[in-house]
Amino acid sequence: MTDSLLSEPDQEEALSRVYAQAVAARAGYTTSLPDFDRDSVDLQIKAGGRMRPAIDLQLKATINLGEPMDDHFRFPLKSRNYDLLRIETQTPRLLVVLDLPRDKCAWMSITENELILRRRAYWVNLKGLPETINQTSVTISIPMDNLFTVESLQDLMEQSRTGGIQ
């Protein structure tokens, strides 16, 4: 189709945002988008209750996550994002990577009964990781058990409420 305004990377970014917002909505949390991404935060999620916890997310999407090695995925992250995600902050920051199918026609489908966004997203906390001398990118290790789901988000929010995410 020739009338598309979004490039493929734009579409990947939009789908990663939609995925995170859907998970947050199902958990009963609010989301907000920063006016400008100057601090490696694409989306903030807030919960109610005691302490009103929040989590900041840097969202990425890829068709190249591949198979895990030693129960971890490897993902190249720009050095600037790495540096901003590893620093100490009051609000915890996580990297969330959406693993999309290689065939972009399979990313999403809509039927009479279902809206399906294919594959899944994984999260990782980079806080406290060492500085890097790499100028362009750092390969991040993401545990395959760190699925970004309603249940994992609720657990992460509780950790945020009580002082930090491990």
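I counted the secondary structure elements and found three helices and nine strands in the protein chain. The model is predicted. Reading from the N terminus, I noted the order α-β-β-β-β-α-β-β-β-β-β-α.

Next I looked up the overall dimensions. The C-alpha trace spans about 45 × 40 × 35 Å along its principal axes. I compared the radius of gyration with the globule rule: a compact globule of 166 residues would come near 15 Å, and the protein chain has 16 Å, so the two agree.

I then checked burial and contacts. Of the 166 residues, 40% are buried. Taking contacts between residues at least 6 apart in sequence, I found that 65% join residues at least 24 apart.

For the surface, I noted an accessible area of about 10,000 Å², with 50% belonging to carbon and sulfur atoms. On charge, I recorded 19 positive and 24 negative side chains, the centres of the two sets lying 4 Å apart.

Last entry, helix α3. I took its length first: α3 covers residues 150-161, and at 1.5 Å a residue its 12 residues should span 16 Å; the end C-alpha atoms are 16 Å apart, so the helix agrees with expectation. I listed its buried residues as V150, S152, L153, L156, M157, Q159, S160 and R161. An α-helix has 3.6 residues a turn, so residues three or four places apart point the same way. I traced what the buried residues of α3 pack against: helix α1 (8-27) and the strands β2 (43-46), β3 (54-62), β5 (93-99) and β8 (120-124). Just after α3, I noted G163 with a positive phi of about 125°.

Terms used:
Residues are numbered from 1 along each chain as its sequence is written. This is a predicted model: local features need pLDDT of at least 70, side-chain atom pairs count only at pLDDT 80 or more; totals for chains, interfaces and linings use all residues. Side-chain values use heavy atoms; hydrogens and water are left out. Helices (H or I, at least four residues) and strands (E, at least two) are DSSP runs, numbered from the N terminus. The radius of gyration is taken over C-alpha atoms; the globule rule is 2.2 Å times the number of residues to the power 0.38. Buried means under 20% relative accessible area, exposed over 50%, partly exposed in between (1.4 Å probe, protein chains only). Contact means heavy atoms within 4.5 Å. Accessible areas come from the Shrake-Rupley method with a 1.4 Å probe; for residues, only the protein chains shown count as cover. Lys and Arg count as positive and Asp and Glu as negative; His and the chain ends are not counted. The place of a charge is taken as NZ of Lys, CZ of Arg, CG of Asp or CD of Glu. The expected span of a helix is 1.5 Å times one less than its number of residues.
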